[in-house]
Amino acid sequence: PKTPKMNAHNERFNRTIQEEFVEHHLGDLLDNTVLFNHKLMDYLAWYNVQRPHWALDLQSPLQFLMVTYHQQCNMY
């Protein structure tokens, strides 16, 4: 745990969430954690469904899975 060499993917995801979301919503985190959690859920849904990822050739993770496995996601 907390070793970038052992958990590179997890550490990168944590950094992305920290830089793209948490740093911009610190006020909500300190003042209203329920609101912060709702915004975080919305962000994570956007992150997985719409946000293009360079590692996936500018596809969202959902698009990548649909193309790779040729099936519809139940959540989508």
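Is Trp-46 buried, partly exposed or exposed, and at what relative accessibility? Trp-46 counts as partly exposed, because its relative accessibility is 35%. This value, like every other in this report, comes from a predicted model.

**Aromatic residues**

Trp-46 has a ring partner, Tyr-43. The two rings form a tilted aromatic pair, with 5.6 Å from centre to centre and 45° between the planes. Tyr-43 and Trp-46 are about one helical turn from each other, because they stand three residues apart in helix 3.

The structure has five aromatic pairs. Another of them joins Phe-21 and Phe-36: the ring centres are 5.4 Å apart and the planes meet at 50°, so this pair is tilted. Here the partners come from distant parts of the chain, 15 residues apart. Phe-21 sits in the loop between helix 1 (8–20) and helix 2, whereas Phe-36 sits in helix 3. Both Phe-21 and Phe-36 are buried.

These residues belong to one aromatic cluster, made of Phe-13, Phe-21, Phe-36, Tyr-43, Trp-46 and Tyr-47. Tyr-47 is part of helix 3 and is buried, because its relative accessibility is 9%. Beyond its neighbours within four places in sequence, Tyr-47 is in contact with Phe-13, Thr-16, His-53 and Pro-61. One of these, Pro-61, is 14 residues from Tyr-47 along the chain, and the C-alpha atoms of the two are separated by 8.2 Å.

**The loop between helix 3 and helix 4**

Ser-60 lies between helix 3 (33–49) and helix 4 (61–69). Its relative accessible area is 0%, so Ser-60 is buried. A polar atom of the Ser-60 side chain lies 2.9 Å from the backbone oxygen of Val-49. Leaving out residues up to four places away in sequence, Ser-60 touches Asn-48, Val-49, Gln-50, Arg-51, Pro-52 and His-53.

Asp-57 is found in the loop between helix 3 and helix 4, and Leu-58 is placed in the loop between helix 3 and helix 4 as well. Asp-57 has a positive phi, near 55°, though it is a residue other than glycine. Leu-58 is not a glycine either, and its phi is positive at about 60°. Asp-57 is exposed, because its relative accessible area is 66%. Leu-58 has a relative accessible area of 44%, so it is partly exposed.

**A nonpolar surface patch**

Leu-26, Leu-29 and Leu-30 make a nonpolar surface patch of about 290 Å². Leu-26 is in helix 2, which covers residues 26–31. Leu-26 counts as partly exposed, because its relative accessibility is 42%.

**Accessibility of single residues**

The table collects the values for residues discussed above.

| Residue | Relative accessible area | Class |
|---|---|---|
| Ser-60 | 0% | buried |
| Tyr-47 | 9% | buried |
| Leu-26 | 42% | partly exposed |
| Leu-58 | 44% | partly exposed |
| Asp-57 | 66% | exposed |

Key: Residues numbered from 1 in each chain as written. Predicted model: local features only at pLDDT ≥ 70, side-chain atom pairs only at ≥ 80, totals over all residues. Heavy atoms only, no water. Patch = residues over 30% accessible without salt bridge, like charges linked within 9 Å, V, L, I, M, F, W, Y side chains within 5 Å. Areas by Shrake-Rupley, 256 points an atom, 1.4 Å probe, with all protein chains shown as cover. Salt bridge = Lys/Arg side-chain N within 4 Å of Asp/Glu carboxyl O. Helix = DSSP H or I, 4+ residues; strand = E, 2+ residues; numbered from the N terminus. Buried < 20%, exposed > 50% of the residue type's maximum accessible area, 1.4 Å probe, protein only. Polar contact = N/O pair within 3.5 Å; in protein donor to acceptor, adjacent residues only side chain to side chain. Contact = heavy atoms within 4.5 Å. Phe/Tyr/Trp six-rings, centres within 6.5 Å; stacked < 30°, edge-to-face > 60°.
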